Amino acid sequence: MKNKNFGYVVLGILLVLVSIIAFVVPTEKTGTFWIAYIFTVVAIMAQIVVWKNALGKEDTLKSKFLGLPVVHVGIVYLVVQIVAFAVFTAVHALPIWSAIVACAVILGFSVIFMIAGEAGRGEIERVETKVQKKVFFIKELQADVELLADAETDTSTKSALHQLTEKIRFSDPMSNDALAEVEEAITAKIAELKSASDKIAVIQELNLLLMERNKKAKLLK
C-alpha cells in the first residue's frame, strides 16, 4: 500500500511539473499544444488505472511480478507521450491533425500492448492453476502414505510403506484424464490400506497399480 501511495504521489508531482513547464514557459498555446497537453494528462492519469489493474488483483508477489510487463508498457507510453507533448509544444507550425493522429497512435498501440500483456498474464495463471490441479493427486497420495508409515508400528510394514512412499515420490507428477481409472483404483487401495489386516498384500497391489499408472503416463507424453 505504501509503495502504491508513493507512486501516486510521484504521478501527482509529475502532473504538476508538466503543467508548470507547459504554462510558465513562454510558448504559443496553439491547437496542437492543447491536444498534446490533454493527451499527456490522460497518459499520467491512466497510470493509476494501469497500476490498480496490474498490481492490485492479488496481494501476492507472483501476481505482482506477472503484472509488471503491463506496468512497464504504461510507463513507456507515458514517456513517449511526454516526448510528443514536448515536440508539439516546441514546434508551433505543426498542424492540429498531426497532433491528434500522433497522440492517438501512441495511445492506441499502448492499449494494444497492455491488453496483450494482460492476456499473457491470464494465460500463465490459467496454465499454472491447471498444472497445480494435475500434480495434486501425487502430492496427496504421498502425504497419505507418509502418515500411514509414521503411524505404523510393525517394522516390516513400516519399511514397505517407506518404499512405497519413495515410489510415489518418483512417480510422474502430472495427472491426466486418461489415468482417471487407475488413479481411482489407487485411491481406493489407499483407503483400504488404512484398515487392512494384511497391509503388505495391499502395498504390493499398490506397487503394481503405480507401475501401471507410470507406464500409461509415459505413453501419454
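**Exercises on a predicted helical chain**

Ile112 counts as exposed because its relative accessibility is 51%, where exposed means over 50% relative accessible area, buried under 20% and partly exposed in between (1.4 Å probe, protein chains only). The model is predicted: local features need pLDDT of at least 70, side-chain atom pairs count only at pLDDT 80 or more, and totals for chains, interfaces and linings use all residues. Residues are numbered from 1 along each chain as its sequence is written, and side-chain values use heavy atoms, without hydrogens and water.

**Exercise 1.** Describe the secondary structure and burial of the protein chain.

Step 1. The protein chain has seven helices and zero strands.

Step 2. Of its 221 residues, 33% count as buried.

**Exercise 2.** State where confidence is highest and lowest among the helices.

Step 1. The chain averages a pLDDT (the predictor's confidence in each residue, from 0 to 100) of 81, and 82% of the residues score at least 70.

Step 2. Helix H5 (residues 155–169) is highest, at 88, and helix H3 (residues 61–90) lowest, at a mean of 78.

Step 3. Over residues 59–67 the pLDDT is below 50.

Notes. Helix = DSSP H or I, 4+ residues; strand = E, 2+ residues; numbered from the N terminus. Contact = heavy atoms within 4.5 Å.
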